[in-house]
Amino acid sequence: MPYVVELRDGGRAQQYLLLAESYRGRDGSFGQAQLHLFTTDGQSLTQPTNPLNPPFRGKFNAGWSLGVGDLDGNASNELLPYFPNNPGNEIVLTESSRELAVPQSRLIVLRYRSGAPVPKPSPAGSVLAPLDTIVTFPITGWLAAVADLDSAQDGKAEVLLADGSDLLVLRLRDYADPLFRSGLPFDTAYVWRAPGEEITNVAIADLEGDGRLDIVVTTTQATYALGSMPPSPLRIIAPPDSSTITVCTRDTIELRWQYLYSGGHRVRVAFDAASGTRRMLMSDTLITSDTARIGIPARTLRGMTGRLVVWLSSDSTVRDSSGIITVTGGRMQLDTPASSATIVAGSRTMIRGSADCLDSVQVVGSFDGGRSWQLLSAPSPTTGGRFATMVDIPCIPFSPLGSSDTLLLLSAVGTSTTDTTQSDTVSLRVAPAPVPLDIRTVSPSFCCQYQVSMQAGQALCPQAAVYVQYAPSEPWMLLDSAAPDTVTIRGRQGSSDTLRIRWACRSSCLRTDTVVVQGLLRLITAIAPNPVQRGQDLCRILTTPRSDAAVTIRIFDASDRLVRTLTQNEQRRAQQMYCDVWDCRSDSGELVPPGVYYVLATASDGWESFEAIYVR
């Protein structure tokens with residue numbers, strides 16, 4: 001059977017021909033019900049053999065009840081990317097009709113869209129066909145009409161279903177409504193019943209000339225002019241139907257409704273969760289006033305999202321629902337520090353984050369991957385959904401020859417009168433605290449003897465382990481395992497022109513690496529810029545061999561791991577300056593983290609030199 005339908009495919013509304021192919025199972029006919037779309041001049045917009053642009057296919061031995069209307073309404077009603085608003089009308093179908101009841105019939109909403117394909121939620125990578133469904137929903141009964149009965153500002157048309165003696169008026173929920181996303185796409189706006197009769201026809205017309213559409217119902221016994229869809233005598237005032245609110249478990253939800261008829265009324269109150277479950281809150285309770293107000297402890301609905309529903313005990317069709325309510329306990333999230341964030345042990349730092357439904361927040365930390373936690377801050381109040389608290393970074397002991405830093409996990413613990421909640425974790429790199437040192441050359445300077453001591457007035461640690469390294473590729477040598485405040489270092493014959501010294505306070509977070517440049521002719525003559533900004537600057541390393549030699553230049557980190565080889569046994573001429581460039585990347589091509597690095601230049605004549613590079 002052909003229908004003329006008005007649809008809007010991207011541009012202005014225009015008419016199309018919709019051919020409904022039905023099979024009634026009579027006279028031996030057998031086949032699958034299908035819908036084919038054509039332009040008014042006969043051009044086929046769907047092709048049965050084209051998998052990218054097929055007709056819409058229904059059940060076998062089924063027909064169609066068909067209507068057209070704008071079910072999703074205003075353009076603001078969308079949930080991208082899966083549910084963009086469809087401009088103009090949709091095609092509304094049921095597989096059952098007035099003449100034929102089809103088992104497991106569905107209410108189907110179709111749209112035609114020939115532009116960019118709309119993705120499906122599943123399976124991954126799949127898209128909708130141009131003529132395809134927005135939503136399907138199992139029903140009993142058949143489609144009687146589609147019309148905008150209430151002329152509301154949402155611009156939505158209603159769907160009228162006839163089911164025996166009942167007439168149901170359904171309205172498509174907003175795409176963002178949790179109930180829509182949980183598989184309950186339609187809200188029942190109105191129910192009319194004719195007990196003992198069967199509805200055979202429904203018509204929509206403005207019978208009174210008042211500009212409002214009226215409903216005319218014909219049954220097996222009579223014809224009823226229902227007029228405009230009457231408003232429900234029971235109306236929820238707060239929370240209003242159009243609202244979306246979040247409440248804390250410590251709060252009380254205020255539910256207010258108005259009953260338009262005088263006298264007492266008995267009601268039932270429930271919370272319909274988006275998951276499809278219902279929690280009864282009041283059962284057959286007598287309300288003596290026209291306007292009722294009750295307080296619902298939010299903690300009884302903890303972790304749920306849905307709507308409050310009120311209906312008359314004597315007639316469940318007289319009902320109304322609230323806006324969407326989400327009940328949450330405390331929620332927190334720490335602001336994520338920069339991936340390169342490093343802080344010094346024993347220092348203080350400000351930690352910030354978001355906090356909902358909480359009164360105060362404390363920060364805890366773990367140095368063992370979350371197995372044990374210690375308190376790092378005093379309680380701080382939350383203000384406007386945010387918190388900021390000063391955290392004391394513990395002065396944890398660092399091994400003298402261990403890693404250059406360690407990982408600290410931070411988490412926030414928030415409390416309220418009803419909840420205690422812990423946030424996710426963020427990580428910080430914690431480095432040893434520096435030891436202020438003085439380095440003095442002991443006369444005569446050609447003897448390469450140096451005196452290293454803590455700066456005057458600094459009583460940071462009573463004893464320290466002091467090490468020296470003559471080249472990055474060599475092991476650290478222990479000079480004194482219990483130095484009080486001063487140690488003397490002597491150069492080594494044939495050593496490079498740069499010595500590296502480590503001063504590590506025993507059982508403490510204090511540890512410093514420093515460099516002593518010996519008064520010799522140097523293979524590395526300059527490094528610039530230094531410090532260097534990773535990802536932005538190029539670090540240029542200048543070398544001048546004293547004789548013709550093969551030169552190798554390598555970069556090491558603070559833990560003596562080889563990071564990058566810039567040149568390997570490259571033959572260079574004496575007394576000529578060479579420039580090698582380091583882009584702050586490792587041999588694998590990754591940017592190195594901020595910290596102290598060392599460049600080691602060695603020549604085949606036995607001459608070597610190393611210098612520190614500070615990467616930011």
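Modeller: Let us start with a definition: two strands pair if DSSP finds at least two bridges between them. Strands are DSSP runs of E with at least two residues, numbered from the N terminus. This is a predicted model, where local features need pLDDT of at least 70 and side-chain atom pairs count only at pLDDT 80 or more, while totals for chains, interfaces and linings use all residues. Residues are numbered from 1 along each chain as its sequence is written, and side-chain values use heavy atoms, leaving out hydrogens and water.

Biologist: What is the order of the 4 strands in the open sheet that includes β44?

Modeller: The order is β44-β43-β46-β47, and the pairing is antiparallel.

Biologist: Why are β44 and β47 said to stand at the edges?

Modeller: β44 (562–572) and β47 (608–615) each have a single partner strand, so one side of each is left without a neighbour in the sheet. From one strand to the next, the twist averages 15 degrees. That angle is taken between N-to-C directions of axes, which are lines fitted to C-alpha atoms, and runs from 0 to 180 degrees.

Biologist: How do you know that strand β43 and strand β46 pair?

Modeller: Strand β43 (residues 549–557) and strand β46 (residues 595–603) share 7 bridges in the antiparallel sense, and the rule asks for at least two. They therefore count as paired.

Biologist: Which strands form the open sheet of 3 strands?

Modeller: That sheet runs β16-β18-β21, with antiparallel pairing. Its edge strands are β16 (234–238) and β21 (291–297), each pairing on one side only. Here the twist averages 30 degrees from one strand to the next. Strand β18 (residues 252–259) pairs with β21 over 7 bridges in the antiparallel sense, and glutamine 258 stands opposite threonine 291 in β21.

Biologist: Now the domains. Where do their bounds come from?

Modeller: They come from an automatic or database domain assignment. The chain is divided into domain 1 (2–226), domain 2 (234–328), domain 3 (331–431), domain 4 (437–517) and domain 5 (524–615).

Biologist: What makes domain 2 and domain 3 count as being in contact?

Modeller: Contact means heavy atoms within 4.5 Å. By that rule, 7 residues of domain 2 are in contact with 8 residues of domain 3. Their centres, taken over C-alpha atoms, are separated by 41 Å.

Biologist: How much area do domain 2 and domain 3 bury between them?

Modeller: About 590 Å², with 47% of it on carbon and sulfur atoms. Buried area is the accessible area (1.4 Å probe) that two parts lose on being put together, summed over both.

Biologist: Why is the pair of aspartate 359 and arginine 250 called a salt bridge?

Modeller: The term needs a side-chain nitrogen of Lys or Arg within 4 Å of a carboxyl oxygen of Asp or Glu. In this pair the closest N and O atoms are 2.7 Å apart, so the pair meets the rule. Across the interface of domain 2 and domain 3, the rule finds 2 salt bridges. On the side of domain 2 that touches domain 3, strand β17 (residues 244–248) gives the most, with 3 residues.

Biologist: How many salt bridges does a search of the whole structure find?

Modeller: It finds 27. Glutamate 95 lies in the loop between β6 (90–94) and β7, and arginine 106 in strand β7, so the pair ties together parts that are 11 residues apart in sequence.
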